[in-house]
Amino acid sequence: MTTPIKYFLLLCMIAVCSVCRANPFATLQCEYADNPIGIDALSPRFTWSYSDKSGFQQHDFQLSIATNSTALSSGNADFWVSEKITGNQQRIAYTGVVPLQSHQRYFWQVTSQDANGKSYQSPIRSFEMGKLSPNDWSAVWITDTNDKEYEPAPLFRKGFNIDKKIEYATVSISGTAYYEMFLNGQRVGDSYLDPGYTHYDKRILYATHDVTSLLNKGANVAAVVLGNGFYNCQSKAVWDFERARWRDRPRLLCEINIRYTDGRSETIVTDRSWKTNTGAYTYNNIYSGDKYDARLEETGWNDKGFDNQNWFAATETEQPAPLLVAQQMPPIRIVREIKPTLLQSFGDTIHVFDLRENIAGLCRMQVKGESGTTFTIKHGELLKKNGRLEPGNIDVYYRPQKPGEIFQTDIFILKGSGKEEIFMPQFTYHGFQYIEIVSDRPVKLSEKNLTGLVMHTDVSQVGTFSCSNTLLNKIWEAGNKSYLGNLHSIPTDCPQREKNGWTADAHVSIDLALLNFDGITFYEKWMNDFIDNQHENGGISGIIPSSGWGYGNWPGPVWDAALFIIPNALYNYYGDTRCIENLYSTMLRYLEYLKEMEIDGILTNGIGDWVSYRAQTPTDYTSTVYYYYDYLLMARFASLLQKDPEIYLEKANLLKDIINRRFFNPETNLYANGTQTAQALALYIGIVPEDRTQQVADNLQKIVAENNHVLDFGLLGSRTVLQMLSQYGYVEDAYKMAGKTDAPSWGYWIEKQGYSTFPETWLLSPEFHDASLNHIFLGAGIGTWMYNVLAGINYDEEKPGFERIIIKPYYVSELTWVKGQYKSVRGIISSEWKRKGDEIELKVRIPSGSTATVFTNQVQTVEAGTHKFTFKQSN
């Protein structure tokens with residue numbers, strides 16, 4: 001190699017290294033999103049992380065905001081510059097005096113400095129505000145003249161001309177319940193079932209899309225079709241949504257904001273100038289499905305060149321709710337496609353397909369045939385002995401009263417154009433593995449005619465786990481699928497028969513959720529639904545949102561504890577108190593509500609260890625334990641918000657004393673009636689006297705071992721038993737429980753039954769299939785246990801947001817290796833270990849700005865970076 005070339009390569013290497021040193025930043029987010037648009041937080045939050053490989057340790061930082069990226073890159077932050085803040089805090093909220101402006105795009109940058117005074121600037125990122133005041137809306141809500149019982153979906157369109165060159169354009173849109181929008185025949189966005197589900201008389205969400213590429217100079221057309229969702233349930237079910245106080249004909253609000261290159265702007269808004277009609281969307285229901293008659297399509301209705309003179313003027317109407325706020329959580333998207341297997345054909349009119357896994361989503365059908373050919377597309381989780389679909393486990397709460405109403409069934413009627421026609425429902429989703437398609441005339445179908453579409457709120461995956469036990473890996477995967485299958489703008493219990501936001505299902509799953517997925521904005525949205533759900537007396541319902549079902553004595557305090565547990569979890573995982581701040585007054589009113597229900601400190605209402613296998617833990621015990629936990633968390637929240645926690649600590653200590661006097665036997669060291677759940681819950685919540693914790697844990701192990709390590713618990717035990725056995729020295733017993741394959745067990749579901757998601761109950765009735773096969777609550781605890789115990793990745797409550805990390809793996813004798821990784825708000829945390837002879841090799845990765853307490857055969861504190869340990873396992 002010649003000297004000039006060597007010199008050139010050396011310069012390149014120096015340049016690359018300089019860039020690496022100059023830019024240690026890994027992620028930069030505003031409101032936990034990358035370059036978001038349409039946000040309405042008056043005080044947006046900014047977070048960032050550094051590459052642990054850079055070796056950078058933040059000593060102080062300063063955040064700058066400008067209205068121009070060029071100016072910001074030149075050091076001219078014309079809007080706001082924060083104070084220089086010392087420490088390793090990697091978040092800040094906007095606290096400037098000047099209010100942010102609607103529709104304004106801002107640019108931001110972090111300048112950080114290490115302890116040696118070396119300064120680093122982050123890449124520039126942006127955020128764009130949405131509507132910050134009701135007065136910012138020029139559009140008005142519109143509908144048609146039909147009433148809420150009219151079944152065909154309303155269509156709307158508006159033509160407009162553009163005579164200038166477009167620089168940038170966005171659309172702000174809301175529809176009750178769902179919208180599908182087109183510009184010049186092209187679908188706007190990749191979201192479905194938008195906007196998210198809320199209490200429609202209290203709060204409605206709107207979305208913002210960048211539509212610059214969809215508009216043209218000259219003639220343009222905006223078109224929208226609306227779906228009913230939970231806003232206008234037109235069929236009857238147990239949950240009373242057909243009687244919802246908010247029920248009405250779907251409504252639309254839409255505003256297209258266009259900025260031209262000459263600096264001028266224009267706004268296209270919904271008003272009475274829009275035209276409306278109905279078409280091929282003849283019926284849609286969130287529980288039953290969509291009906292689409294392609295013969296009623298008016299070709300080009302959503303594009304230019306369509307003659308709408310026979311359409312009608314839209315009707316201006318009122319906003320359904322006082323609050324109209326930006327949707328800041330990720331939308332529901334189609335995230336995966338699955339080609340099915342044709343299992344069996346019954347002649348030429350009935351075809352049964354299998355996706356080979358249980359999903360939440362839809363099917364896309366493409367088929368050619370005669371005009372009027374009707375396909376009835378049924379979805380379910382089970383098959384009958386004769387190979388036909390078995391809906392009996394999921395249609396039990398549906399009360400159809402109209403002809404043709406069938407649970408989880410879409411209907412597609414062909415236009416008969418001679419070409420292949422494509423159908424995909426727009427205003428429903430189903431939970432299913434099997435699809436039965438019935439045609440009203442002979443049609444030969446194959447796998448090519450059908451595609452399964454997996455849909456859920458598109459949260460980013462942040463956690464992975466694997467180990468040498470393939471069964472545990474399958475259980476972990478099933479847990480993720482079950483969780484995601486129940487994420488559709490709210491956390492649901494099941495994606496088919498109920499689709500409800502059961503509160504305890506969510507709070508027992510919250511650790512699994514946040515260890516696997518970036519869910520803060522999703523849960524912040526749902527916790528706002530708690531605010532809207534609360535009655536004047538302070539009570540909340542067991543399903544949220546609710547049109548009125550589920551208030552009162554049932555489900556009760558164990559379920560309601562989600563009001564406290566989920567904000568607490570968000571703080572533990574993200575170090576963020578905003579959810580606590582928003583919910584604080586709601587929590588206070590709820591605690592006052594519970595005071596009216598207690599009898600000498602005891603709560604007797606509600607349900608507890610739901611769907612337990614055999615053992616029944618007393619409800620007055622579980623309800624009162626969670627009553628104590630509410631006050632314990634309330635004291636923590638008060639301290640975090642610089643309020644006096646003493647009144648809540650005093651009440652918590654009083655309740656703790658009452659529980660121990662009422663339910664603890666100091667002679668036997670047993671709680672309540674001595675079930676697995678009773679012992680584990682006492683340890684998990686922290687009500688056991690300090691000098692009795694090990695004895696209570698010893699009894700838990702004894703109860704489990706005497707039952708041949710067979711689990712005997714429900715929802716609460718599933719979250720606590722494995723964790724508490726492990727924490728108090730009995731990880732081998734926990735592992736035996738986790739690895740069982742006989743019923744009842746997680747392994748039985750996966751290995752013996754072949755399920756890809758978790759059922760609602762440990763066993764299904766052989767005569768009548770009475771439970772969903774896609775529930776997360778009984779499987780959330782074991783997934784959390786894999787991360788916390790086997791991989792040993794844990795947050796430290798004293799330094800939340802993984803500022804300090806606890807790495808404490810339990811080296812189970814039957815495992816030869818374990819790998820766990822979690823992308824925290826501060827960066828990637830990993831813990832992996834393997835056996836090598838009689839030694840353990842442990843490798844951990846700690847993000848910049850964090851420290852970790854690592855447990856090997858000794859306890860060590862380590863800084864950011866990758867660290868390796870080799871040691872002999874302690875007995």
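**Close-up 1. Helix 14 and helix 16 meet in this predicted model.** Let's start where helix 14, spanning residues 731–738, meets helix 16, spanning residues 780–791. Their axes come within 12 Å and cross at roughly 145 degrees. The crossing in which helix 14 passes helix 16 is left-handed.

**Close-up 2. The residues behind the contact of helix 14 with helix 16.** From helix 14, look for V731, A734, Y735 and A738. Helix 16 brings I782, W785 and V789 to the contact. What classes of residue does the contact have? There are 7 nonpolar residues, with no polar and no charged ones.

**Close-up 3. The largest cavity and its lining.** The model has 5 cavities of 30 Å³ or more, and the largest cavity holds about 80 Å³ of space. Lining the largest cavity are 13 residues, and those closest to its centre are Y178, F230, Y429, H488 and S489. How do the residues of this lining divide by class? The lining of the largest cavity has 8 nonpolar, 4 polar and 1 charged.

**Close-up 4. Residues 1–20, where pLDDT stays under 50.** Here is a stretch to view alongside the confidence values. Over residues 1–20, the model has 2 contacts beyond four places in sequence. For the chain, by comparison, pLDDT averages 95, and 97% of the residues score at least 70.

Conventions
Residues numbered from 1 in each chain as written. Predicted model: local features only at pLDDT ≥ 70, side-chain atom pairs only at ≥ 80, totals over all residues. Heavy atoms only, no water. Axes fitted to C-alpha atoms, helices over the stretch in contact; angles between N-to-C directions. Helix = DSSP H or I, 4+ residues; strand = E, 2+ residues; numbered from the N terminus. Left-handed = near helix turned anticlockwise from the far one by under 90°. Contact = heavy atoms within 4.5 Å. Nonpolar A, V, L, I, M, F, W, Y, C, P; charged D, E, K, R; others polar. pLDDT = per-residue confidence, 0-100. 1 Å grid on protein atoms, 1.4 Å probe; cavity = no way out; pocket = protein on both sides within 12 Å on 5 of 7 lines; lining within 4 Å. Points joined across faces, edges and corners; volume = space filled by probe spheres on them.
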